Each structure stands twice: as C-alpha cells, then as structure tokens.
Amino acid sequence: MILSRRKLIGIGAAGAGGLLLGGCDRLNQTEGFRDGLKGATGLNQRVHRLLVGDSLAREFSEADISPVFKPNGSIAVADPAYRAHLAQGFASWALRIDGLVRQPLMLPLGALKAMPQRSQITRHDCVEGWSAIGKWQGPQLGAVLALAGLLPEARYAVFHCADMLEGAPYYESIDLVEAFHPQTILAWRMNDAPLSEPHGAPLRLRVERQLGYKQAKYVMRIELTASLDGLYGGNGGHWEDARGYQWYAGI
Ligand SMILES: Nc1nc2c(c(=O)[nH]1)N[C@H]1C(S)=C(S)[C@@H](COP(=O)(O)O)O[C@H]1N2
Ligand SMILES: [Mo]
C-alpha cells in the first residue's frame, strides 16, 4: 500500500493520534515488547536501561549547534537507483516498511514530511572520538511504525541502507523500546535544511541515546523482525558484524 501525502492528511491528526495510541496499547500487550526488557541479553543493556530508564537525551539550544558537523563513514552512495532518486530530489522515492507488520507500506518523502514533526538539538558521539551538536527534524519513528501496525512477534526494527561500506551493505537495528522512544525520529532535515548526501539523504535514523554508528543514514527500508539471527552477519549492524562493536550502544 502506498500511503500518499493526501491519504495521510485524510486520516487527520486525530486519526493518526488514534493509530499511534492503538499501536502503543497493542505494543504493551505484545510478548515481544515485554520480553525485550526481560530477555535483554547484554549486561551493558540491562545496566544502562536501569540507569537511564525512559529518560531523554540532553537537548541543546540553537546557539550550541556545531559550526562544523563532520560527515563520517559513507559520504556518498554508489547505487544507481539511489543516484537516480538523488538527481530527482527524491520526488518519487518512498521508504519501504515491511516484515512483521499488519500492512506493509511505501511512504513517500512527502508523506513523512506531512506527519507531525519533532525537532531536537542533540549531541552526536562517534566512537572514533569526536562529537558534534546538530538539529534534526522528522516524524517520530513510533508514529511511522504505528501506521504499518506491528504484529505481536515483532521485536526489532532493522534499517536497510543504500550504501556499501568496506564491501558490505550498511544496516543497523534497534529494539522496540528504543524505536518508540520520543526522541527516536526519521530525520529528513538537519540544521534547518534537507539532509545532504554526506549526512544521509533523504532519510536517516536519529536514536539519540545511542552512539554514532547506530544513526543509520540513507535508510531505504525498515524491516520488523522477531530476531537478528540470519540477517547479514547476525549481529544486528554493520560495525557489530565487521568489528564486534556492541549492538547496544547506549551513551
Ligand atoms: N548508512 C550509513 N549510516 C551510517 C554510517 C555509514 O557509513 N553508512 N556511519 C555511521 C557512523 S560511524 C557515524 S559516526 C554517523 C556519522 O553521521 P554523519 O555522517 O552525519 O556525521 O553515521 C552513522 N551511520
Ligand atoms: Mo561513528
């Protein structure tokens, strides 16, 4: 199903809110959601969740925005389909949402822009030892996932990216606690301008309580899964597979 901007506006703010609430209610009742907390594997994740709970990442003021925000990892995408969309300003591009959802969706960029927006100024921390403060805007991931509706078995959101890095496709994943956190957004705007190619155009994940490598750029598809086994290298992310970085990268 292609959810156009017009259809989305047709649902209206109340309808979208209802969908989201409905989604959260169902989410709390699903086994996967509760097990996500109970069955968390890493000590890091258990301790961090105990310490931070539902807390928000620190937000900054406009004056704190870094004059230079270093693009890192992939700064361009070779994929011909991506390059064609880039050349057309992503006018006919759509985000795919599939896997363990009630209604697989194709969401055009215009539809994502028409949803209620969240904007936040946060600090990005890369494991390579640099940080930068930037302003991000886009719909909350939770609201986007609620449009597709999660099936009870869904436990992870997997972000499939358009780029290859060191010969492997970039991907990342988060659990549903992180996915429905209020500061987890699908950003199409950075520092009041559409995302540039080096920073992940047309859409990237901002998951603000996690390290830089979790902030997937060039997100083409979000797949809901019950497990991370059998996906790429099986560790839930590009750097998790390639270098053994922690899957739970809580700051
Ligand atoms: N698709 C994709 N996402 C990615 C990367 C990448 O190479 N490809 N690099 C990650 C790393 S390590 C960091 S620090 C940030 C960098 O984001 P920036 O380029 O906007 O600074 O993106 C993350 N997301
Ligand atoms: Mo990074």
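**The largest pocket and its surroundings**

Modeller: Strands S3 and S5 and helix H8 (238-243) each supply at least two residues of the lining of the largest pocket. Helices (DSSP runs of H or I, at least four residues) and strands (runs of E, at least two) are numbered from the N terminus. This is a predicted model, in which local features need pLDDT of at least 70 and side-chain atom pairs count only at pLDDT 80 or more, while totals for chains, interfaces and linings use all residues. Residues are numbered from 1 along each chain as its sequence is written, chains are lettered from A and ligands numbered from 1 in the order in which they are written, and side-chain values use heavy atoms, with hydrogens and water left out.

Rolling a probe the size of a water molecule over the atoms shows where empty space is left. The search runs on a 1 Å grid over the protein atoms alone: a cavity is a set of points where a 1.4 Å probe fits but cannot get out, a pocket is an open set with protein on both sides within 12 Å along at least five of seven lines, and lining residues have an atom within 4 Å of a point. Grid points are joined across faces, edges and corners, and a volume is the space filled by probe spheres set on the points.

The largest pocket holds about 360 Å³ of space. Its lining has 26 residues, and nearest its centre lie Asn-72, Gly-73, Tyr-170, Gly-212 and Tyr-213. By class, 13 of the lining residues are nonpolar, 7 polar and 6 charged. Here Ala, Val, Leu, Ile, Met, Phe, Trp, Tyr, Cys and Pro count as nonpolar, Asp, Glu, Lys and Arg as charged, and the others, Gly among them, as polar.

This pocket is the space taken by ligand 1, in the sense that more than half of the atoms of a molecule lie within 2 Å of the grid points. Strand S3 (118-126) and strand S5 (156-165) are the elements that give two or more residues to the shell around ligand 1, and S5 gives the largest share, 3 residues. In total, 22 residues surround the ligand, the closest being Lys-70, Asp-163, His-199, Arg-204 and Lys-217; a residue is near if one of its heavy atoms lies within 4 Å. This shell divides into 11 nonpolar, 7 polar and 4 charged residues.

Individual atom pairs complete the picture of the ligand. An oxygen atom of ligand 1 lies 2.8 Å from a backbone N or O atom of Asn-72, and a nitrogen atom of ligand 1 is 2.9 Å from a polar backbone atom of Gln-215. In the side chain of Lys-217, an N or O atom is 2.5 Å from an oxygen atom of ligand 1. Of the 530 Å² of accessible area that ligand 1 has on its own, the protein covers 99%, as computed by the Shrake-Rupley method with a 1.4 Å probe.

Methods:
Polar contact = N/O pair within 3.5 Å; in protein donor to acceptor, adjacent residues only side chain to side chain.
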